[in-house]
Each structure stands twice: as C-alpha cells, then as structure tokens.
Amino acid sequence: MSGRIDARLDELGIVLPKALPPAANYVPFTLAGGLLFVAGQVSVTADGRRIVGKVGADLTLEDAHEAARACAINLLAQARLACGGDLDRIAACVKLGGFVNATADFTDHPKVLNGASDLMVDVLGEKGRHARFAVGAASLPFNVAVEIDGVFALD
Amino acid sequence: MSGRIDARLDELGIVLPKALPPAANYVPFTLAGGLLFVAGQVSVTADGRRIVGKVGADLTLEDAHEAARACAINLLAQARLACGGDLDRIAACVKLGGFVNATADFTDHPKVLNGASDLMVDVLGEKGRHARFAVGAASLPFNVAVEIDGVFALD
Amino acid sequence: MSGRIDARLDELGIVLPKALPPAANYVPFTLAGGLLFVAGQVSVTADGRRIVGKVGADLTLEDAHEAARACAINLLAQARLACGGDLDRIAACVKLGGFVNATADFTDHPKVLNGASDLMVDVLGEKGRHARFAVGAASLPFNVAVEIDGVFALD
C-alpha cells in the first residue's frame, strides 16, 4: 500500500472495500485485448450499506450522486485486485457505462454519473478522464440506485 | 464438427441454431483490437420460438432464466460463425451485457442472467467466465424477455 | 477537408457539427487497446435542436429514426476530432450501443436504430457495418429520444 494512487486515496480519506468474490458463474473482471473489463458494480458503500430506491421518486439527486460515487469506488476496488494490489498500474479509466434506476420522467442522469466521474479524476488525475454513457434503467438488481461497469487500460 | 467444444455441446444436448444473417445495415459481429464484438442477441430458441413478455409480470423467473440461456446460445452461434466454424478458437468469453425486459420493481436480474452465465461456463469451461452487467430495460425489441450482447477473445 | 469520407459527407449533404467539449470530468472519447471509445451521444441536430420525448407516446417512429441518425452524426463528429480531422483514418465502426427513450410496450427499437446504422454505412461504406444492441431506456438525459455510444477502430 505504498503507491502514488494509494497515497491519493489516503489524502481523500477513501478506503477501498475488499473486492467481493464472484457470486456466480461470472467474475468481477476479465483481461483481454490489452483492456480490463470490470463487471457492473452496484451502489453499496464500503461499510456494506446498499443505496437503494428509484431516483426521481425515492431518492434525491444528492443520494444518487453518492450512489454513483460508491459504484466508482467499487470499480477501483476490483481494478486494484486485477492489478495485483498496485493501483499505479492503471494507465487509464477508458469507459464507464452508467445505469440509473430512474423514473420515466427523470432527466438528470449526467449529474448523477458525475459522482462516479469526479471520483475517478479525483483519484487517478488525468488518467481518470473517461468516455461514458448515462441512461435510465427500468429497474436494477436488489433495487440499487445505480450500477456502473467499466473498462480500464493497465500498464 | 469435431472440436472439443462441439463435443461438449453434444454432451449437453445443445444444438446451436444457424446464425441469423444481418437484418439491416448492422452485422452480427465485428472483429477489432483483438476482440470479437457480437451484436445483441434476443431470446429466441433454436426452434425459432420467441420468449416474450415483461419479467416480473408476464414471465416467471424460470422463464426469464431460460430466455437468458437462449440469448447465450445465440451468442455462441454467432461466435462459431466468426470462428469459421471452429469453436475451439474461442480463447475467452470476456463480457456479457444483459438487458432484462423487466417491471419497475423487479430486483432479480442477476438470477436471470445466470441462465446465460451458467451456459457459457457449461460449454466453454474456465474460458467461459466473463465480466457482465445485468440491468432492467424499459422495453426490448419484439417484446423479447432478454437481450444480451457479448465480447469474446479469439485465438 | 479533402478526404474521401469528407467528400462523401458533402455528397450526402451532411454537415458534421463542431464536436462539443467535455461538460464534466468525462471526455467525449478515449483511445485504448487500439480502439476509439466515443461517449454516449444524444439526439441533438447539427443546428442545436434537441429531439426529445418518449418514443411510442410523444414521438413517432419517423421522429425516433431521425433522432438515432442525429446521434450517429454526433458520433462521427467526435470520431473526426479523435482522428485529428481526418475521417479517412476510421478503419471501422465496430459497435453501437443504442438506448431508446421508450414506453414499456414499445417494440420497434431495431427500426429506430436503423437511423444510425444506415447513416454509418451511407458515410463509411463497408467500414460502417457494425455490431450493435438496441434497447429501451426508462429515461434519458434531458428527455432526449435516443442516446448511442460507439466503438471505432482507427488506422
């Protein structure tokens, strides 16, 4: 835990959760074509609290923003595992695919996803700038507020 | 039809359907950056029956699980075509993107997608373990229950 | 502006809009693993008009088809920027991920997405043939009718 990115996480007061083991016949990440594909991470905080509910009805924009940030932290936790513990091996956050558990008339998906995008840049600096999409899902697993998958490049 | 994976399909009693030709100006798969991108496959069984309906209302979890399995079989059918018929050239199933045609209060998307994930590992073994996302779509083409796209690595 | 693809855009009477700068801590495109990942582009026409509304309720299929075409034009505008202005460097449109802001009973997502798929082939020829998915989103940013992200290969 002595890398540059680890130090940055410390500065920000962010503790990455232990990456969860596979729950089924899928895995949290795969490496192919020089890219790291991280499975969809849901809005569960490092202390195990699920952020659930429909954005635009049950949850405020602030709640949803925090939910997206939690997904991003969970993506980094998986990326750390993929890097053998050395987050400095992340060359870039390439893409985030963001799904917001939203009502039919919700329109602020980009502001929700900024919770994840800002976290990536706060932690990874310029290497954290990524392409992304932000869309509304009709429903999400366990009624979580946000699910985000990611593609990273590793050194 | 003499490969190792073909033999495994025989053991499982799975007949891959003839991969459908492109219906429009898109194609069922592309190869780039060392990866095979397979277009979204919908829940149609090998005998041409569409599994349709809203999961959480019209369809049970078991129906939806079968629908996801059908999508996975159709992904393999396209991958076989991309491999020139030799499924042993599949180095890995890298990622599945799973969309469930679900009600707003459905929460069991992971159990649905397991129908596809289990099929991949049943057929491809360890090479079948993939990253994935599982989300609820507001609606899907032809009212199918599930649509899944995939990324594979080829040898 | 003297390339082969530029000439083809002229023939088609298509003016690519100026690619919009990043609005947040994400960027319009990234390059990794030999691929160009373009962020989700929404249905805004070259003259700045947003095509908004729920497909299947507020918008006809024709409106939605035009919306998908506008997304594709915006994807090409970002790809041009990524290519340093030289669209002839696009080796292939690899994949489009299509989200339609649709009602729960809408079923014609493929016809909507054809607006984007046809545009890619009209402009890029055989290099424009791509894998894709087409799904219904519960809602989209700013209530736009369509959002599409893209993966391209560059020479």
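Biologist: Before we get to residues facing each other, when do two strands pair here?

Modeller: This is a predicted model, and pairing comes down to bridges.

Biologist: Which residue in S4(A) stands opposite A:Asn101?

Modeller: Start with the strands. S3 of chain A, residues 90–101, and S4(A) pair in the parallel sense over 7 bridges. Opposite A:Asn101, the residue in S4(A) is A:Ala137.

Biologist: Which strands of chain A stand at the edges of the sheet?

Modeller: The sheet is open, with 5 strands in the order S1-S2-S5-S3-S4 (chain A) and mixed pairing. An edge strand has a single partner strand, so one side of it is left without a neighbour in the sheet; in chain A that goes for S1 (29–32) and S4 (131–137).

Biologist: And what angle does the direction of helix H2 of chain A make with that of S5(A)?

Modeller: From one strand to the next, the twist averages 15°. Helix H2 (residues 61–82) packs on this sheet, touching S1, S2 (35–42), S3 and S5 (146–154) of chain A. Its direction and that of S5(A) make an angle of about 35°.

Biologist: What kind of axis relates chains A and C?

Modeller: Chain C can be laid on chain A by a turn of 120° and a shift of 0.0 Å along the axis, with an RMSD of 0.0 Å. The two copies are thus related as by a three-fold rotation axis.

Biologist: Which C-alpha in chain C is nearest the axis?

Modeller: It lies 2.8 Å from the axis. The residue is C:Ala138.

Note on methods: Residues numbered from 1 in each chain as written. Chains lettered and ligands numbered in written order. Predicted model: local features only at pLDDT ≥ 70, side-chain atom pairs only at ≥ 80, totals over all residues. Pairing = 2+ DSSP bridges. Helix = DSSP H or I, 4+ residues; strand = E, 2+ residues; numbered from the N terminus. Axes fitted to C-alpha atoms, helices over the stretch in contact; angles between N-to-C directions. Contact = placed C-beta atoms within 7 Å. Least-squares fit on C-alpha atoms with pLDDT ≥ 70 in both.
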